[in-house]
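Biologist: Hi, can you walk me through this one? I'm new to it.

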Amino acid sequence: MRVDKLKLINFRTYKSLSFLPSEGLTVITGENAQGKTNVLEALFMCAFGRSHRTSKDNDLIAWGTENEMGGGCYIGLELHSRSGSHNIEIKMRPGEKKKIFIDRAQAERTGELMGMLNVVMFAPEDLSIIKEGPAERRRFLDMEISQLKPSYYCNLQRYNSVLKQRNALLKDGGLDRAKQLFMWNEQLAMCGAKIMQDRLEFMDILSGISCELHKNISSSKETLDVFYSPSVGFADDMGDIIKVKEKIITALERAEETDLIRCYTSVGPHRDDITVKINGTDVRAFGSQGQKRTAALSLKLSELELIKRISLEKPVLLLDDVLSELDDMRQRFLLESVSGCQCILTCTSIDSVRKAGLNDFEEYNCKMGYLTKV
Ligand SMILES: Nc1ncnc2c1ncn2[C@@H]1O[C@H](COP(=O)(O)OP(=O)(O)O)[C@@H](O)[C@H]1O
Ligand SMILES: [Mg+2]
């Protein structure tokens, strides 16, 4: 898969940009706060329909242009994948719902974008995925599965909307709210069971790949074990959706009394997590900083490998300022895994790229919202 052209109008620091990345490696250098990450953010938007760093679309519109005639911002992308050439466009106006166009036809749902452009974004904050709370790890799961299985994304959205309504009922419902909960439990459990099945399936494959990768990164000193830790235990019933659904309903009913007091739903896939162990010990609780970062790198690289295997296509890599975060050995692993993919890398100094042994690339310099080819 490769991006042929990215066009931006009034997106963040860019009044107008036309960017044609190389088929291989493109390096964007520049001082801080010049707009390097903004380019990757725009590409990420085309893959997921949302930014990786804000949920507020309005933040993306270039300041001061909100009230211009025909105001708002535009992202246009031309890409090439196994299914041919495609065009993705996103239009955002202040206070309006964003509009997404795929091959010139307006998409009804963001979910339609999933799988059109597969990207793997790697930013410094990804190295703390093990250190962070479960929400970060669920986000990782959700993003990756959505790219590989668009129906997962739709189901997840449905689940979140039912969850919101159930929580609203717990909070504001009248005296008979216990009775109404019954209906929401049913719907929540149906969507939830599908989510759990997909997460388990994904984690099973990811676990095998990450174990192998980690063995290499740690020179066979460490065994990495990554597995799915669902909020509702499913024993051996995972293959049977009806049984999983029943397990969720039972868990919801069991928690009902406390949920009614706390006014939120305390069990379900929205409380799932991933457990990461090195040599049998929980890394999050007992691992060193170095182990946490290496495990995160292994996870991230497995994601890349898994997308390659499942989609039978190389994703586009977005490496945001990560070289400086990794020591020589880890850099080498990262750069070996990404070779052969189209890759857009940002950094403050080209020296870090040369030092990592990369010579074959196109370089752009980013300054105050302009990209200039070097
Ligand atoms: N909506 C916006 N309109 C104009 N400028 C913005 C907007 N949002 C962020 N910026 C500016 O973008 C810059 C940060 O861009 P970023 O791509 O993160 O920089 P970096 O080069 O460090 O990766 C900051 O200068 C910030 O003020
Ligand atoms: Mg940046």
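Modeller: Let's begin with a term: a residue is near a molecule if one of its heavy atoms lies within 4 Å of it. By that rule 15 residues are around ligand 1. This is a predicted model, where local features need pLDDT of at least 70 and side-chain atom pairs pLDDT 80 or more, while totals for chains, interfaces and linings use all residues. Residues are numbered from 1 along each chain, ligands from 1 in the order written, and side-chain values use heavy atoms, leaving out hydrogens and water.

Biologist: Which residues come nearest to ligand 1?

Modeller: Ala33, Thr37, Asn38, Asp59 and Ile61.

Biologist: And what lies 3.1 Å from a nitrogen atom of ligand 1?

Modeller: A polar side-chain atom of Arg12. On the oxygen side, a backbone N or O atom of Gly35 lies 3.1 Å from one oxygen atom of the ligand, and a side-chain N or O atom of Lys36 is 2.9 Å from an oxygen atom.

Biologist: How much of ligand 1 does the protein cover?

Modeller: 79% of the 580 Å² of accessible area that the ligand has on its own (Shrake-Rupley method, 1.4 Å probe).

Biologist: New topic: how many residues are in the largest nonpolar core?

Modeller: 75, with Leu334 and Val353 having the most contacts inside it. Such a core joins buried nonpolar residues (under 20% relative accessible area) through side-chain atoms within 4.5 Å.

Biologist: What is Leu334 in contact with?

Modeller: Beyond neighbours within four places in sequence, Leu334 touches Phe122, Leu297, Leu301, Leu319, Val322 and Leu326, counting heavy atoms within 4.5 Å.

Methods: Buried means under 20% relative accessible area, exposed over 50%, partly exposed in between (1.4 Å probe, protein chains only). A polar contact is a pair of N or O atoms within 3.5 Å; within protein, one must be able to donate a hydrogen and the other to accept it, and residues adjacent in sequence count only if both atoms are side-chain atoms.
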